[in-house]
Amino acid sequence: MARLAAVGVLMRPKCSSQSTWSQRKYLHAAKSKLAKATDFQPVPQSYTNPVDRLQPHVQVPIIPDSEYGFQPSREEIQDGASLFEPKNTEGEMFKFLGSWPNPHIMPKSDVPEVAFIGKSNVGKSSLLAAIFTLIPSLKVRTSSKPGHTKLMNVFNVNDCFHLVDMPGYGFNMPDHFETSVEAYLKARRNLQRVFMLVDADTGPTEVDYLAVEMMEEASKPYVMVLTKIDLAKQGTLIRNLMAVLKFRDSSKAHSCFPQPFLVSSHSGEGVAFLQTFIAYITGHLNIKSLSGAS
Ligand SMILES: Nc1nc2c(ncn2[C@@H]2O[C@H](COP(=O)(O)OP(=O)(O)OP(=O)(O)O)[C@@H](O)[C@H]2O)c(=O)[nH]1
């Protein structure tokens with residue numbers, strides 16, 4: 001728990017060697033393997049943490065109890081997820097606020113914001129669509145074509161917080177990526193947490209580590225989220241989860257929340273758990289069992 005408390009407050013100084021995104025992108029040959037639709041077994045949406053179903057297949061604790069920062073009860077997860085349910089039939093408290101290419105022309109706001117970042121096609125827009133699944137009036141556009149999301153799309157949740165869908169990096173990333181995403185991370189004052197999405201089937205790639213560098217340089221706290229867990233075979237999922245944990249334990253991950261999250265936007269697994277975490281870190285859910293997980 002001490003370690004979790006530290007992550008909440010301890011933002012290390014910026015790295016001395018500051019490289020720009022465009023420098024980084026040339027360092028990287030983005031040739032990630034395409035996710036294969038093997039072993040697809042949808043599971044019903046649940047109010048559990050998907051890590052729990054992997055644990056029986058691993059001899060050592062995947063995440064030791066001492067490292068768990070966020071372990072809400074089933075009732076607390078139901079409460080957290082209910083924040084994403086419309087309070088009236090129109091769902092009018094949920095709004096698409098707009099799209100912007102850079103943070104300087106975005107309307108200023110005091111409402112806490114969380115952003116979803118990841119490489120092209122990792123499933124950012126799909127995750128937002130899954131989060132808003134009970135709000136049919138709120139359409140989030142997804143595409144199988146990588147690099148579809150070019151602007152920063154801001155959604156208002158119940159006037160409690162904003163969720164921001166960021167342009168993807170890597171293949172077909174927009175030319176203005178540096179002036180949009182990098183500038184947003186550095187300039188946006190109400191940004192509370194970045195959700196760094198990684199494909200569960202391929203695991204973290206070089207280009208993801210470059211994005212992590214960007215967040216470390218901006219001193220922004222981030223959380224690792226493995227997406228498309230319905231596509232990854234169990235062994236692959238465990239291996240890639242371990243890779244994320246190994247990275248978390250490295251000297252490069254100062255601002256990383258210790259507990260990764262697992263989701264499938266198609267089957268819904270892990271979505272309620274993630275919704276609860278968002279509700280919690282933006283200050284809209286009181287979880288009795290937690291003290292230092294923010
Ligand atoms: N099986 C499966 N497919 C998914 C999941 N999430 C997304 N996809 C698919 O992956 C593709 C890309 O999803 P998007 O949500 O558009 O990805 P993105 O990260 O917003 O993409 P960019 O616009 O390129 O940044 C789409 O064909 C989705 O249907 C998932 O959880 N499971």
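**Aromatic pairs and helix packing in the predicted model**

Ring pairs join Phe-70, Phe-116, Phe-195, Phe-257, Phe-261, Phe-273, Phe-277 and Tyr-280 into a cluster. The model is a predicted one. Across the protein, the count of aromatic pairs comes to 14. One of them is formed by Tyr-209 and Phe-247. Their ring centres lie 5.2 Å apart. The planes stand at 45°, and the pair is tilted. Tyr-209 belongs to helix H7 and Phe-247 to helix H8 (residues 234–248), so the pair ties together parts that are 38 residues apart in sequence. Tyr-209 is partly exposed, at a relative accessible area of 30%. Phe-247 is buried, at 8%.

A further pair is made by Phe-257 and Phe-277. Its ring centres are 5.0 Å apart and its planes meet at 45°, so this pair is tilted. Phe-257 sits in the loop between H8 and strand E7 (261–262). Phe-277 lies in helix H9. The pair thus links distant parts of the chain, 20 residues apart. Both Phe-257 and Phe-277 are buried. Both also belong to the ring cluster.

The overall architecture comprises 9 helices and 7 strands. The protein has 294 residues, of which 54% count as buried. Contacts between residues at least 6 apart in sequence were also considered. Of these, 79% join residues at least 24 apart.

Helix H9 takes part in two helix contacts described here, one with H4 and one with H5. Helix H4 (residues 74–82) packs against H9 at an angle of about 75°. Their axes are 7 Å apart. Angles of 65 to 115 degrees count as roughly perpendicular, and H4 and H9 are therefore roughly perpendicular to each other. H4 contributes Glu-76, Ile-77, Gly-80 and Ala-81 to the contact. H9 contributes Ala-272, Phe-273, Gln-275, Thr-276 and Ala-279. By class, the residues of this contact divide into 5 nonpolar, 3 polar and 1 charged. Phe-273 is also a member of the ring cluster.

The axes of helix H5 (residues 124–131) and helix H9 (residues 271–281) come within 10 Å. They cross at roughly 85°. H5 and H9 are therefore roughly perpendicular to each other. On the H5 side, the contact is made by Leu-127, Ala-130 and Ile-131. On the H9 side, Val-271, Leu-274, Gln-275 and Ile-278 take part. The residues of this contact comprise 6 nonpolar, 1 polar and no charged.

H5 has 6 of its 8 residues buried, so it is largely enclosed by the rest of the structure. The buried residues are Lys-124, Ser-125, Leu-127, Leu-128, Ala-130 and Ile-131.

Glu-216 is located in helix H7 (residues 206–217). Residues under 20% relative accessible area count as buried. Glu-216 is buried, with a value of 6%. The Glu-216 side chain reaches the backbone nitrogen of His-254 at 2.8 Å. Leaving aside residues up to four places away in sequence, Glu-216 touches Tyr-222, Lys-252, Ala-253, His-254, Ser-255 and Cys-256.

Gly-69 lies in the loop between helix H3 (51–54) and H4. At 0% relative accessibility, Gly-69 counts as buried. The C-alpha atoms of Gly-69 and Pro-260 are 10 Å apart in space. In sequence, the two residues are 191 residues apart. Asp-110 occupies the loop between strand E1 (94–100) and E2. Asp-110 is exposed, with a relative accessible area of 79%. The C-alpha atoms of Asp-110 and Phe-161 are separated by 9.1 Å. Along the chain, Asp-110 and Phe-161 are 51 residues apart.

Notes: Residues are numbered from 1 along each chain as its sequence is written. This is a predicted model: local features need pLDDT of at least 70, side-chain atom pairs count only at pLDDT 80 or more; totals for chains, interfaces and linings use all residues. Side-chain values use heavy atoms; hydrogens and water are left out. Axes are lines fitted to C-alpha atoms, for helices over the stretch in contact, and angles run from 0 to 180 degrees between N-to-C directions. Helices (H or I, at least four residues) and strands (E, at least two) are DSSP runs, numbered from the N terminus. Angles under 35 degrees count as roughly parallel, over 145 as roughly antiparallel, 65 to 115 as roughly perpendicular and the rest as oblique. Contact means heavy atoms within 4.5 Å. Ala, Val, Leu, Ile, Met, Phe, Trp, Tyr, Cys and Pro count as nonpolar, Asp, Glu, Lys and Arg as charged, and the others, Gly among them, as polar. Buried means under 20% relative accessible area, exposed over 50%, partly exposed in between (1.4 Å probe, protein chains only). A polar contact is a pair of N or O atoms within 3.5 Å; within protein, one must be able to donate a hydrogen and the other to accept it, and residues adjacent in sequence count only if both atoms are side-chain atoms. Rings of Phe, Tyr and Trp (its six-membered ring) pair if their centres lie within 6.5 Å; planes under 30 degrees apart count as stacked, over 60 as edge-to-face and the rest as tilted.
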